[in-house]
Amino acid sequence: MTPRPPATAAPSRASSAFAAVLALTLAAAAAADYKESYRRGLDAIERQQWREAVQHLRLAIAERPEASGLLSGPLFRRYTPHYHLGVALAESGDCRGAIEAFDASQQQGKLGRDEVADLEQRRAACQRLVQGVDAAVTAAQEAVDAAAAEAFAVAGIERSPVMGNVWGEGAPSFADRQEPATARLAEARSALRSGQERLSLADVERAAALAAEARSELVRLRRDAEARQAALEERASRELAEMGRVVDSAERDLRYVRGQLAPLAPRAAAAADALAAAIQEAGQVGMATPISALEALHDRLRRDLRELRAAVKAPPERLLAAATAYLRADYERVLELLAGAELGEERAAAHACLLRAAARWGLAAMAVEEERSALLDAAHRELGSCGAEDRGVEPLARAFPPDFRAFYRAAATPAQPP
């Protein structure tokens, strides 16, 4: 007895048959779809609806890219979608895309004589346009780059220490002139991008013109700003140098007053504090400080120094120089400066005497043994001859070493009878 086939065999054959029918149906539908897309694309070209034509022809190419002879059915014409796509792209302004489509169509063939002639004419026109736009783009890009270089130079001047405070001053200010020029440069860049994308020679030429205008404005702005920058830098440098000399004098006077004349009277103490604050502020200024602020601080330093000197009678220059030399341990220079000095005012003379004695004591401390005793005797005689203590002058701890202060006290103490 012949066995029956499995129960699943019949459904399997039925499924295969269904799949075959479905494939044929889909193929027919696809064929109908690309023909319909092609027909709609050609209709759109007739109506000069170029973008719509591009859309339908691309759909047809996606379904069937190869050209062929006459199509069956009501259309009854050659299937050359790349050629017609090139026509639509060229008419819509996309010459780069049109050249690609024309090249593909020519490679596939299937074109009629009139279509070949039209293709070559259109492609040549597009090639001339592309070449012309590319050349114009090169020139426009050079103009944009030149303007951008000027804009960069102007921005550098704006960021310089002396210009930041004056960039917005005046009418028109540098900022007022910079803004429209940089905006024009941005517009040129935008027009250049548009011209490249759309192959618009007009846009590219407009970009070149805008860039040239922007560069011209920026060159004038840069030259004016450079001149202002140079003048401000020279003025600031001069002001800082002059202020530095005032600070040197103020620091020297302040060191002497606080070191030698303490305790200070209230007026002198207030003047010293004010001058010290001005000196500290002067150490924090520089080229970036506005000129007006530099001038105001310079005036303040001079005023505060005058106030201190009015509150405390200024010591003679020679005495100040000798005090500076003593603080540097240049004892020979102290004696040289104060030898036979006629200082006039008693307190100044007492300070000179104290400095001479301290200098001789310092030389004794550094001398060899056989010379030390003579130098100490000379220092002792110096203190005995000038009576510094009687005039309220004594060696302060912040200026004189402990050993000399002890020597001073011993010299000032009257000898006890045996």
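How close do the axes of α7 and helix α9 come, and at what angle do they cross? The axes come within 10 Å and cross at roughly 20 degrees.

## Basis of the model

This is a predicted model, in which local features need pLDDT of at least 70 and side-chain atom pairs count only at pLDDT 80 or more, while totals for chains, interfaces and linings use all residues. Residues are numbered from 1 along each chain as its sequence is written, and side-chain values use heavy atoms, with hydrogens and water left out.

## The chain as a whole

The protein chain has 14 helices and two strands. Here helices (H or I, at least four residues) and strands (E, at least two) are DSSP runs, numbered from the N terminus. Of the 418 residues, 39% count as buried; buried means under 20% relative accessible area, exposed over 50%, and partly exposed in between, with a 1.4 Å probe and protein chains only.

The accessible surface of the protein chain is about 23700 Å², and carbon and sulfur atoms hold 52% of that surface. These areas come from the Shrake-Rupley method with a 1.4 Å probe; for residues, only the protein chains shown count as cover. Among contacts (heavy atoms within 4.5 Å) between residues at least 6 apart in sequence, 66% join residues at least 24 apart.

## Helices α7 and α9

Two packed helices are described by the angle between their axes and the distance between the axes. Axes are lines fitted to C-alpha atoms, for helices over the stretch in contact, and angles run from 0 to 180 degrees between N-to-C directions. Helix α9 covers residues 291-311, and its axis crosses that of α7 at roughly 20 degrees. That makes α7 roughly parallel to α9; angles under 35 degrees count as roughly parallel, over 145 as roughly antiparallel, 65 to 115 as roughly perpendicular and the rest as oblique.

The crossing of α7 and α9 is left-handed, meaning that the near helix is turned anticlockwise from the far one by less than a right angle (clockwise would be right-handed). The residues of this contact comprise 15 nonpolar, two polar and seven charged. Ala, Val, Leu, Ile, Met, Phe, Trp, Tyr, Cys and Pro count as nonpolar, Asp, Glu, Lys and Arg as charged, and the others, Gly among them, as polar.

## Val247 in helix α7

Val247 lies in helix α7 and, at 11% relative accessibility, counts as buried. Leaving aside neighbours within four places in sequence, Val247 is in contact with Ile279, Ala282 and Leu301. Ala276 is 29 residues from Val247 along the chain, and their C-alpha atoms are separated by 9.8 Å.

## Helix α10 and its partners

Helix α7 (residues 201-260) and α10 have axes that come within 11 Å and cross at roughly 80 degrees. The two helices are therefore roughly perpendicular to each other. Arg252, Asp253 and Tyr256 of α7 meet Glu317, Leu319, Leu320, Ala323 and Thr324 of α10. Four of these contact residues are nonpolar, one is polar and three are charged.

The axes of α10 (residues 317-327) and α11 (residues 331-338) come within 8 Å and cross at roughly 165 degrees, so this pair is roughly antiparallel. The contact includes Ala321 and Ala325 of α10 and Val334 and Leu337 of α11; its residues divide into nine nonpolar, no polar and two charged. Buried residues in α10 include Leu319, Leu320 and Tyr326. After α10 comes Ala329, with a positive phi near 65 degrees.
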